[in-house]
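Please keep the sequence and the structure in view while working through the numbered points.

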Amino acid sequence: MRTIRLRQHLPLLFASTLLAFVAKLLAQQSPQTNTSTLDADGTARITRVIPVPLDLSPEAREALRHAAPPDTTSLAERRKGTDAWQTRAGQASLAAYPVHIESITIAGVPVRNVTPLDTTPLHPDRVLINVHGGGFNSDSGSFTESIPIANLTHTRVVSILYRLAPEHPFPAAVDDTVAVYRELLKTYKPSHIALYGTSAGAILTAQVAVRLKQLQLPLPAALGIFSGLGDFSRPTDSQAMYSLRGLTGTLPVADQKPFDLEYIGSTNPKDPVVSPLFADLHNMPPTLFITSGRDLLLSGTTILHRAFVRSDNDAQLIVFEGLPHAFWNDISLPETKEAYGYMADFFTTKLSH
């Protein structure tokens, strides 16, 4: 019996030994020094050895050890995988941050209605509107972005399941969000409403704020732009350096062309709603920006933050050390709990006026 079991495990043992050998060989062959050469136009061709930041929690350091495989999936496969992950991650969020969740429609738009478990609601006159991440073509946040915040703020969160690109390019997601906001204005004062999102949802948050201003609708009391950008006309420095998983996975060579054309469609990438960096940003609501040191949208977030500051807005920026894009979707990290705390405290404070 022992011999049979050993034979059954031999392929796994061989594969594990081979992977360890290959990893060691690659480490030995990898550059051990930093180099940099510059092209005539200033393009840098660099090799750098980047240690794991010592400031990170043990959990975060462990997470950085795992390389991401190259993304070769079709959009249909991506959506299927993202939906499955969001369901699992949502269940983990629900276990740590219990809330009620129901599916309803508001102004004809499907939403997740997330409410705290309080027998007597602590803030029945407030609502937070979440627009999820997912590259505008999938849902990677309607659970994970709304559940913890509803629990921590003791406030209703409406997570909008807006129409997705490429089937529904800009301005479909903006229009859906504006429609829900208009409807909620019938019940809630704008001073008791906040709008926020991560990644694509962070971008959409800024876009909707500009659109509301164009429509001369009252703006919400606060915005949360958690790893976003405000300019689709050109890529940024951090997009040239990092992938979705920071320094793991495929790192494609960057170019200077407009990006995410499936989302913006035929719209001019410098349209002020598509790219709020080109909009009049004066008198925007108080806004919290959050990003991280290995976030491919680090530059986009900080550039938009500076634009808000130049327009004399109340704009706060928090940058976490060494972590990849939207790391707060990983509920196991202590840094995630810290990020949720900043988000919740910000909304609670701004909606209390």
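1. A residue is called buried when its relative accessible area is under 20%, exposed when that area is over 50%, and partly exposed in between. Asp-231 has a relative accessibility of 10%, so Asp-231 counts as buried. The model discussed here is a predicted one.

2. Asp-231 has a charged partner: its side chain meets that of Arg-234 in a salt bridge, with N and O 3.1 Å apart. Arg-234 is partly exposed, because its relative accessible area is 39%.

3. In total, the model has nine salt bridges. One of them joins the side chains of Arg-79 and Glu-167, at 2.8 Å from N to O. Arg-79 belongs to helix H3 (residues 75-96), while Glu-167 sits in the loop between S6 and H5; the pair therefore ties together parts that are 88 residues apart in sequence. Glu-167 itself is partly exposed, at 49% relative accessibility.

4. A further salt bridge links Lys-186 with Glu-183, whose closest N and O atoms are 3.1 Å apart. Lys-186 is exposed, with a relative accessible area of 65%, whereas Glu-183 is partly exposed at 32%.

5. Helix H5 covers residues 172-184, 13 residues in number, and spans 19 Å from its first C-alpha to its last, close to the expected 18 Å. Its buried residues include Ala-172, Asp-176, Val-180 and Leu-184. In an α-helix there are 3.6 residues a turn, so residues three or four places apart point the same way.

6. How many of the residues of strand S6 (residues 156-160) are buried? Five of its five residues are. Arg-156, Val-158 and Ile-160 point one way from S6, and Val-157 and Ser-159 point the other way. Side chains in a regular strand alternate between the two faces of the sheet.

7. Strand S6 has strand S4 (residues 109-115) as an antiparallel partner, joined by four bridges, and Asn-113 stands opposite Val-158. Strand S5 runs parallel to S6 and is joined to it by five bridges; here Asn-130 stands opposite Ser-159. Together, S5, H4 and S6 make a right-handed β-α-β unit.

8. Ser-146 lies in the loop between strand S5 (127-131) and helix H4 (147-153). Is Ser-146 buried or exposed? Ser-146 is buried, because its relative accessible area is 0%. A polar atom of its side chain lies 2.5 Å from the backbone oxygen of Ser-142. Beyond its neighbours within four places in sequence, Ser-146 is in contact with residues including Asn-130, Val-157, Ser-159 and Tyr-196.

Terms used: Residues are numbered from 1 along each chain as its sequence is written. This is a predicted model: local features need pLDDT of at least 70, side-chain atom pairs count only at pLDDT 80 or more; totals for chains, interfaces and linings use all residues. Side-chain values use heavy atoms; hydrogens and water are left out. Helices (H or I, at least four residues) and strands (E, at least two) are DSSP runs, numbered from the N terminus. The expected span of a helix is 1.5 Å times one less than its number of residues. Buried means under 20% relative accessible area, exposed over 50%, partly exposed in between (1.4 Å probe, protein chains only). A polar contact is a pair of N or O atoms within 3.5 Å; within protein, one must be able to donate a hydrogen and the other to accept it, and residues adjacent in sequence count only if both atoms are side-chain atoms. Contact means heavy atoms within 4.5 Å. Two strands pair if DSSP finds at least two bridges between them. A crossover is right-handed if, with the strands pointing away from the viewer, the path from the first strand over the helix to the second runs clockwise. A salt bridge is a side-chain nitrogen of Lys or Arg within 4 Å of a carboxyl oxygen of Asp or Glu.
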